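This report describes the strand pairing and helix packing of the structure shown below.

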Amino acid sequence: RGTAKWLSCVQMLLPLSQLINALHTLKNSATASIQTLNRDLISEHNSHLREPHVSLRDLGLSEIRASQLDELVSRLLPAPRPIEPLAVPSVWRTSHISSDSFFHNKHVWVQSRGFKTLRSKPRRTESGLAGSAKSDPYTPSFIKGLLQKEKGPEVQSLDQIVKQTNVPDNQQEAFRTGFSEGFMRSQAYTQRTQDFLRRTRLLLLVLLLIGIFALSRSPFLSVRFRTTSGLDLAVDPVQMKNVTFDHVKGVEEAKNELQDVVEFLKNPEKFTVLGGKLPKGILLVGPPGTGKTLLARAVAGEAEVPFYYASGSEFDEMFVGIGASRIRNLFREAKANAPCVIFIDELDSVGGKRIESPMHPYSRQTINQLLAEMDGFKPNEGVIVIGATNFAEALDNALIRPGRFDMQVTVPHPDVKGRTEILNWYLSKIKVDPAVDAEIIARGTVGFSGAELENLVNQAALKAAVDEKEMVTMKDLEFAKDKILMGPERRSVEIDKKNKTITAYHESGHAIVAYFTKDAMPINKATIMPRGPTLGHVSLLPENDRWSETRAQLLAQMDVSMGGRVAEELIFGDEYITTGASSDFDGATKIAKMMVTRFGMSDKLGVMTYSDVSKQSPETQAAIEQEVRVLLKDSYDRAKSILKKYSEEHKKLADALLRYETLDAKEIQMVLEGKSLEH
């Protein structure tokens, strides 16, 4: 019996391994089913997981009773523990998943994650959007509200809204008022928003158009727009009806030469009858500000023909061929309106000498086109080209040959007569004192151009306006002249009495030598008012423009220059001479060197010029230096002799300068004659 019992136990234990394997298989199958259920939102509408059909016969447990099987399962599987609340929050939570069979009802521990993971979209079920919104724990609340919102009946009037919202009778009027105010405010806000958007769109459109236009003007981004600008378009002529030769002063010779051009433009048959041809090009050469542009405008104004103006820099572009294209278009327009005048200012910018340069291999195209237009294969009739330049040496030789610019007119600085005419012309445009003498100002403005004389008159008018005068006086014109020549007054400079006294005797020394030297220029004014880099100044006024100077005049200029240092030496002694005579010595030394090396006024060296002294022999250089020393020493001695002789007049003039600071020619004469000055 014991043996039989043991055998039965063995028979019962043998299939236990199979039973355990079967249970593990069922466990894995149940876990997979649970994962499938977690992916589905609504389990009752999916196909139910069917319970695996495993019979006890297949497992070899047919002889085991049901009670024994329940006991065996309870031993193999752990009993569910009661859920107790944790004192400390745990990262694990208990998930109860209920199924229809025993095999799927288990206790599963699922980790509670602190982040959300991506999941597949939930399937739509028959319950619609509401069911999906309820089953999805990760859908935002406001989306759930939109999904779960039930569409009510559309309202057509305010009364329907009142009825639908069940507003009490005593609050319906307030409800209607508040609703209306809110509606009107929302309408106003919407209108403001639309206006703002409309203005923003308009502003963006304008900025876009401006940006496109700026890009079109950029030479780096758009060649097409750049090449169609400026002179590539139709060139409009300028009518110079208000400018004639009467407006041009001080250049009578240039006006006379250009008069023939005016006659040709007015009556071309007069010249063509005899077979003569007028020069095709006229080149105006002269310093800046002498009136070259004004002359060209006067030619067009006198002839009453179209006037085409262009600057040489307008043809100078970075793109190849643009300068030549503009030359062609300019002459095409001019030929269509012949007879006419083309004026090219600053001609050296476009007509400079042609060179072979690897940096600018196409730089010659513009001047080549200009040469061909002026005198090429096609005749150029009725078009007068006037060019102006300050640097005629830089022009190409092919441009100034006969047939192109074959007539050269020099426009120099005006002489004293021309300066007087220019000053009278500009003084006629302002309020001037009748006592103003333009000739005196003209005599003291040697080398001034017409533009500088215009500036002088303007500066005088500004000074009179600052001083609140009713008209411009002679003192204002003198002030403007000194300001241009020597710089503005430095009244803020504080000079002590000793230095001021030295300056007064220094300047009066120049004046005394100039006054009592026969061939010296007349004195115009003496002042000890600091101007520019100088502490004082004595201006000499030539009676007329000097085209040439004599030996006596050159020696007199040297004597006047030496008068300042001699006066300091005689009054204050050798120990107290100052550096104020440095500029005087520079001028005197320059005159002496020119007398010896250029003018042939040295008895020892003879009538011979020495252009470069450094290239001469040492003996010749020593001889030149010795002759210059002799001239300067003799001049110094002559100035000392004059100041010793007229020491009383020297002291009177110095005292007058210390008292009045500035004295004109008439006042200096009165002081030297012993007369008192009344101011």
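## The antiparallel sheet

In this predicted model, an open sheet is formed by 3 strands in the order β9-β8-β10, with antiparallel pairing. Strands (E, at least two residues) and helices (H or I, at least four) are DSSP runs numbered from the N terminus, and two strands pair if DSSP finds at least two bridges between them. Because β9 (537–540) and β10 (662–664) each have a single partner strand, they stand at the edges, and one side of each is left without a neighbour in the sheet. From one strand to the next, the twist averages 10 degrees.

Strand β8 (residues 523–527) is joined to β9 by 4 bridges, the two running antiparallel. Ala526 has Val538 in β9 as its bridge partner. Helix α23 (residues 647–660) lies across β8 and β10 and runs at about 120 degrees to β10. Such angles run from 0 to 180 degrees between N-to-C directions, with axes being lines fitted to C-alpha atoms, for helices over the stretch in contact; contact means heavy atoms within 4.5 Å.

## The parallel sheet

A further open sheet comprises 5 strands in the order β4-β5-β6-β3-β7, paired in parallel. Its edge strands, β4 (307–311) and β7 (407–410), each pair on one side only. The twist here averages 20 degrees from one strand to the next.

Over 5 bridges, β3 (residues 281–285) pairs in the parallel sense with β6 (residues 383–389); the partner of Gly281 in β6 is Val385. Helix α10 (residues 252–266) packs on this sheet, touching β3, β5 (340–345), β6 and β7, and its direction makes about 140 degrees with that of β7.

## Basis of the values

Residues are numbered from 1 along each chain as its sequence is written, and side-chain values use heavy atoms, leaving out hydrogens and water. Local features need pLDDT of at least 70 and side-chain atom pairs count only at pLDDT 80 or more, while totals for chains, interfaces and linings use all residues.
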